[in-house]
Amino acid sequence: MRRLLKGGLFALLLLIVAVLSTLAGLYVGVARTLPPLDAAAQLKTAQTTKIFDDSSTPVLLADLHGVENRDVLTADQIPQRMRDAVVAIEDQRYYTHGGVDFLGILRALWADMLHRNIVQGGSTITQQFIKNAYISSDRTLDRKLREAAMAYQLEKQWSKEKILDEYLNIIYFGEGAYGVQAAAQDYFGVDAKDLTIAQAALLAGLPKAPSNYDPRRDPKAAQARRDLVLNKMFQQRYITSAQLQDALATPLKLTTATSSATQKVPYWVEMVREQLVARYGSSTVLNGGLRVYTAVDLQHQTQAENAVAAVLNKPGDPSAALVSIDLHTGRMVAMVGGTDFKQQQFNLAIQGLRQPGSAFKPFVLVTALKQGMSPDTTYESSSAIIDLTGGPWKVKSTDAGLLTLTQATAQSSNGVYARLIMDLGPAAVASTAKAMGIVTALGNPPNPAIALGGLTIGVSPLEMAMAYATLASGGKRLSNATVFDPSQASYPVTIVRVTDSAGKVLDESKPTWTQVLDPGLVSLTTSILQKVITEGTGTAADIGRPAAGKTGTTTDYRDAWFVGYTPDMVTAVWVGYPTEQKAMTDVHGGAVTGGSLPAKIWAMYMKEALDGTPKTDFAQPAANDRYVTVNVCSESHQLPTPYCPKVVPMLFLVGQEPTARCTIHKPKDVPVPDVRGETTAVARAAIEKAGFKVATVDDPEATALAGTVVDQTPVAGSVLTQGQTVTLIVSAAATTTTTAVTTVPTFQGLDIAAARALAAQVGLALGESTQSGPDPSGIVASQDPAPGDSVPPGSTVNIVVSSGPATAP
């Protein structure tokens, strides 16, 4: 044991020496290569970053360089309250650590392990400055080690105040503002030295996620973030209680957004700028001479902008947003985020979260098909009042009567879909939506109102386009293999590749497709959504080629959508007022629905965008061979027994059809009906309806008319288990001169074979015809004469046999 202990201690000593040697070597190496980094000096040698499209002859879309919107301030121009706010929220141990906060790293690791996700960062302000100013974007251990070592070395050379001031001069605050002076001017119209405590707190909260906390885009999120900073400042004794209360009571008051942007496609440029900053840091984006090639197709972009302008062409018209994705490349080829970037920099296409209305119904439909319902499953379509835990859910519907899911989707029946989601479960629908590409929170737990597009927050046109792309691609969800911004991980390809100024490729995007839905199920869904355009609420979206989609209109006509796709392209269009929930009841002389202006914009754009593209039909993965319709018990989804109260058609993958009989509905003990005096046929039908088997015994001594039941065993009223036999004693008296008659039995509801056997038994002929209808194929749907009528023996009873629903798969 003593030798083992000595050996272990010696090995541990060697390990410590090795680690210290490595760290010492890294330190020496880093110390030798640490460049001088005065922010003002950097600007003198900066190389401009250029953004292009990705055409064969790339078109320059914009130049990004730091001088454009950044003023480097000296120490006396930066107010102490700004420094305090940033330290309070970003690095509260800033003045005590040596560049790397090991305690903060451990705390962040512990929080990440608890949440099984990255929820806290361990980087200090010094490390963030290093990342933005010195280090490349490589996400490697070597980069992190260099970052930490350089942060430690920098703190040996620069004072805490200098590091903090340089950080505030270089960090990105969103909306094109680099450095605190540009941010103060852009958001508040003041110099940095004149910022109030409330204003400084708001700016300090932005660098972590400029898009998420942008006060113009999401004032509630921005104010919540500002208030968090203020409370941190109070807790760390940078401000007094009175100052805290005064700042918390201060409303957000921003200057009017202005932009000197003269770039082509400014909404694209701003989106790409934010992705680049998240990936490479602001210094590299502003000064690193990057060459960025984007997914925008300038021809499609022009077509999209022209379609919006042509349809919404009158003063006071609502705004529109559009997102279009090429399904062959996975690229977002067109995006309309607004009509005037100088006046409104909020990107409606990717940041606008609005209620989708009935455009959300395809997620309910897909869930229903996943759970085995058929396109021809029927539901009542009228208005409904559904009792929920929080109170009654009142659903208005303009429809009435039974509708199949296909009909209900084409007509956008709220009554059907409200009842449908109660059978499916809101959680199942939310899960389907998430799997298909919806990333916005849908509630925990989700409310049944999501079936009609009643969401807690709303969704963006980009989300809807991505989710419908899953249908258009045969059930494959699109994503980008290269994530430039973790907060935009669900985006399609927007940046194709990035090179340095010498042409070396730094990043290259490739679409990835993940199978999340069965192709056969998607084929059925698409066939249903095609009827929305051919015969339903979206006929204005008919573009003369195979297309599928869904309209969406919200309460009081505040939002209107059309989201649709062909085998080549998916496009989402939203129409509404971006800054208010304003009813669109009188636009161009009428109310705006998803089937009106949005569908017109969609059709106008898609016709031009697909001009020259061959018309192709949607892929048909032999859905009829993959699925089979089976009549099953509505509760157990097993083969029905005679005791199942409701039998419905359901879809099953071939080879996965149910083989067992229903285990829920079993024989019951019920009273035997009294059938004495009835004809044999009528008596048999009554006994079988009660769930019993029938046996007959002739009684030649009986005086009643031949064929009449004169007695029965067990006697009427006896309690007997269903499936057992009731014996009927039937008169076999000789025929008299009285005119013979036959009572017509009940054929309706029997399958055709049973109906024929019964007709032969009672001496009647059948006249058969077929007709489609809601009854399963082979079931007698109607008869004439009616049950109980008396007819001469040998008469013909005309029956109509169901051939099944008209569109049964």
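Visitor: Before I look at the strands, what makes two of them pair?
Guide: Two strands pair if DSSP finds at least two bridges between them. Helices (H or I, at least four residues) and strands (E, at least two) are DSSP runs, numbered from the N terminus. This is a predicted model, where local features need pLDDT of at least 70, side-chain atom pairs count only at pLDDT 80 or more, and totals for chains, interfaces and linings use all residues. Residues are numbered from 1 along each chain as its sequence is written, and side-chain values use heavy atoms, with hydrogens and water left out.

Visitor: OK, how many bridges join E11 to E12?
Guide: There are 3 bridges between strand E11 (residues 495–499) and E12, and the two run antiparallel. Arg497 has Glu508 in E12 as its bridge partner.

Visitor: What sheet are they in?
Guide: An open sheet of 5 strands, ordered E2-E1-E3-E11-E12, with mixed pairing.

Visitor: Which strands sit at the edges?
Guide: Strand E2 (60–64) and strand E12 (505–508), each pairing on one side only.

Visitor: Switching to helices: how do H8 and H9 cross?
Guide: The axes of H8 (residues 180–188) and H9 (residues 197–204) come within 11 Å and cross at roughly 115°. Axes are lines fitted to C-alpha atoms, for helices over the stretch in contact, with angles from 0 to 180 degrees between N-to-C directions. So H8 is roughly perpendicular to H9 (that covers 65 to 115 degrees; under 35 is roughly parallel, over 145 roughly antiparallel, the rest oblique).

Visitor: Which residues make the contact?
Guide: With contact meaning heavy atoms within 4.5 Å, Val180, Ala183, Ala184, Tyr187 and Phe188 of H8 meet Gln199, Leu202 and Leu203 of H9.
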